[in-house]
Amino acid sequence: MVMASRQDGPSLTASTRSTRVASAGSRRVERDGESPCEGDTLVTQGNELRPRIAALDDDLAAVASVTAILTQSGFDVVPYTEATQLERASRTAPFAAYVLDWYLGSTTAAGLIDALRRSPASAHSPIFLLSGNLAVGGVPTDEALARTIDRHRVQYRAKPYSGVKLAADLRLALGDRKA
C-alpha cells in the first residue's frame, strides 16, 4: 500500500489486508531485450547503470508498491512473492541488494537470509527488512528478528517507512554518496 506524504513522497506501509499470492511466483521485466548475465548486479537502461534490487513480499500489492517506488528512484527492481524463487534466482544472477518483508505467510525471511549470507555472491550485499507490527519506536520486538539483524548485518525498517528514504538508504548502502 502506498500512502502520500507531504514531506518526502510515498510511504511503504504494512497492508491491513494481506493478499495470498503463493502461486503468483516471480516476474521479470526484461529491459532492452536482454536478461542479466550471471554475476551482474547492475543493469544498463539507456545510458545509465541501474543497480539490480530484489524485492520480496508475499502481499502482491506491497511488492508492487516497493517495485514502483524503487524503479522510479532509479533502481532495476525484480519483484518476488516467494522466498524459494528469489533464492534460486539469486544463485544464477545475484542482486546488488535485497528488500524483504519479514513475515512471509506462516514463516519468516530468516531461512532466505541465512541462504543469502552463505552464498559468496550475496554474502556482503545489503539486505533491508521491512515489516509492520513488530516494532516499538522503530526498535524490533521480535527476538528471532533481532537475532537475524545482529547475526547477518541486516538493516530493519519499520512500516510505515518512506519510499524515498528507502531509496536513499539503498544508495548509501551501495556506496552512492549522492543519496
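This is a predicted model: local features need pLDDT of at least 70, side-chain atom pairs count only at pLDDT 80 or more; totals for chains, interfaces and linings use all residues.
Visitor: How many helices and strands does the protein chain have?

Guide: The chain has five helices and 13 strands.

Visitor: How does one describe two packed helices?

Guide: One gives the angle between their axes and the distance between the axes. Here, the axes of helix H3 (residues 110-118) and helix H4 (residues 143-152) come within 11 Å and cross at roughly 10 degrees. H3 is therefore roughly parallel to H4, since angles under 35 degrees count as such. On the H3 side the contact involves Ala110, Ile113, Asp114 and Arg117; on the H4 side, Thr148, Arg151 and His152. These residues divide into two nonpolar, two polar and three charged.

Visitor: Which residue forms a salt bridge with Asp114?

Guide: A salt bridge requires a side-chain nitrogen of Lys or Arg within 4 Å of a carboxyl oxygen of Asp or Glu. Asp114 pairs with Arg151, their closest N and O atoms being 3.8 Å apart. Asp114 lies in H3 and Arg151 in H4, so the bridge ties together parts 37 residues apart in sequence. Asp114 is partly exposed at 23% relative accessible area, as is Arg151 at 48%.

Visitor: Is Lys159, which bridges to Asp57, buried or exposed?

Guide: Lys159 is buried, with a relative accessible area of 16%, and Asp57 is buried at 6%. Their closest N and O atoms are 3.5 Å apart.

Conventions
Residues are numbered from 1 along each chain as its sequence is written. Side-chain values use heavy atoms; hydrogens and water are left out. Axes are lines fitted to C-alpha atoms, for helices over the stretch in contact, and angles run from 0 to 180 degrees between N-to-C directions. Helices (H or I, at least four residues) and strands (E, at least two) are DSSP runs, numbered from the N terminus. Angles under 35 degrees count as roughly parallel, over 145 as roughly antiparallel, 65 to 115 as roughly perpendicular and the rest as oblique. Contact means heavy atoms within 4.5 Å. Ala, Val, Leu, Ile, Met, Phe, Trp, Tyr, Cys and Pro count as nonpolar, Asp, Glu, Lys and Arg as charged, and the others, Gly among them, as polar. Buried means under 20% relative accessible area, exposed over 50%, partly exposed in between (1.4 Å probe, protein chains only).
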